[in-house]
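Q: I'm new to this structure and would like a close look at a single part of it. Could you walk me through the four-stranded open sheet and what surrounds it?

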Amino acid sequence: MAATGDGASGGEYTEERPANVEGDEELMSKSLQIQSKRFYIDLKSNRRGKYIKISELPTNRSTKRKIILSLACGREFRDKLTIFAEFLAQQDTGKSEETVPEDGRLKSEMITGENKRYYLDLKENNRGRFLKVSQAPIIFPRGDRDSRGRGPMRKEIAIPAQGIVDIRNSLSEILEECGSDDDEGLELPKPCELRVEQKRFYFDVGSNARGVFLRISEVTANYRTSITIPKVGWARVRDTIGDLLDKVEGED
């Protein structure tokens, strides 16, 4: 155990040494005690890159609840926590006079990753206010889902309102430690543009925790849409387009 300190709003955290768990390398870990729950924020790495795992372990249960975030989603999650903290601060100072809805939901936000969505709902019940964070795959392999992504593979954690700032601060420290070294040493091609009839296509190469990708955006006067292709699939996409072109030209 490397260091122990007090969180900004009463949560105690512990910074722990890296460990190897479940085949993934643990680069950094923090734990916080918030009310009757202990939260673990872990920076981990595997062959696909770095990621964040946030786990909730109530003292009266033996099973952890957890969500997994890419570094990009982790940074967006940190920013959303700031939004919720500011919202709560406004209510505490009397600047917000909104009444509590029947479903108890005070404020909601959403984060969309490459293959997951995260639903953040600040709620209030007879035990107080809390932030429910739900992780759901964008496409379920089986079963139905409702308008908020609920389905058989949904994962959730619940953060007491007074612990939102603590979680945000600890997550920020971890993100600052890992920095943006995913992009170090990479010399990515510059963006390029292609005009076809009344449309413009933009080709942007980027990188994240999962590796290098190509984003192709189609832009017209009325809308913009885009697709993302991992680097491992570029050659196959090129070959497929080449085959289609050969077939079309062969029919002329």
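A: Here is a walk through that sheet, the helix across it and a few residues around it.

A quick word on the basis: this is a predicted model, where local features need pLDDT of at least 70 and side-chain atom pairs count only at pLDDT 80 or more, while totals for chains, interfaces and linings use all residues. Residues are numbered from 1 along each chain as its sequence is written, and side-chain values use heavy atoms, with hydrogens and water left out.

For orientation, the protein has three helices and 15 strands; these are DSSP runs, H or I of at least four residues for helices and E of at least two for strands, numbered from the N terminus. Of its 252 residues, 38% are buried, and buried here means under 20% relative accessible area, with exposed over 50% and partly exposed in between (1.4 Å probe, protein chains only).

Now to the sheet. Its four strands come in the order S8-S9-S10-S11, and their pairing is antiparallel. Two strands count as paired if DSSP finds at least two bridges between them. Strand S8 (105–112) and S11 are at the edges with a single partner strand each, so one side of each has no neighbour in the sheet. From one strand to the next, the twist averages 15°. Zoom in on S8 and strand S9 (residues 116–125), and you find seven bridges in the antiparallel sense. Arginine 105, for instance, has lysine 123 in S9 as its bridge partner.

Next, look at what lies across the sheet. Helix H1 (residues 71–92) lies across S8, S9, strand S10 (128–137) and S11, and runs at about 165° to S8. For that angle, axes are lines fitted to C-alpha atoms, for helices over the stretch in contact, and angles run from 0 to 180 degrees between N-to-C directions. Contact itself means heavy atoms within 4.5 Å.

Arginine 154 is in the loop between S10 and S11, and it's buried, at a relative accessible area of 16%. Its side chain has a polar contact of 3.0 Å with that of serine 134 and another, of 2.4 Å, with that of glutamate 156. A polar contact is a pair of N or O atoms within 3.5 Å; within protein, one must be able to donate a hydrogen and the other to accept it, and residues adjacent in sequence count only if both atoms are side-chain atoms.

Glutamine 162 is in the loop between strand S11 (155–160) and helix H2 (164–178). It counts as partly exposed, at 38% relative accessibility. Its side chain joins that of glutamine 35 in a polar contact of 3.4 Å. Glutamine 35 belongs to the loop between strand S4 (24–34) and strand S5 (37–46) and is exposed, at 52%. Although not a glycine, glutamine 35 has a positive phi of about 55°.
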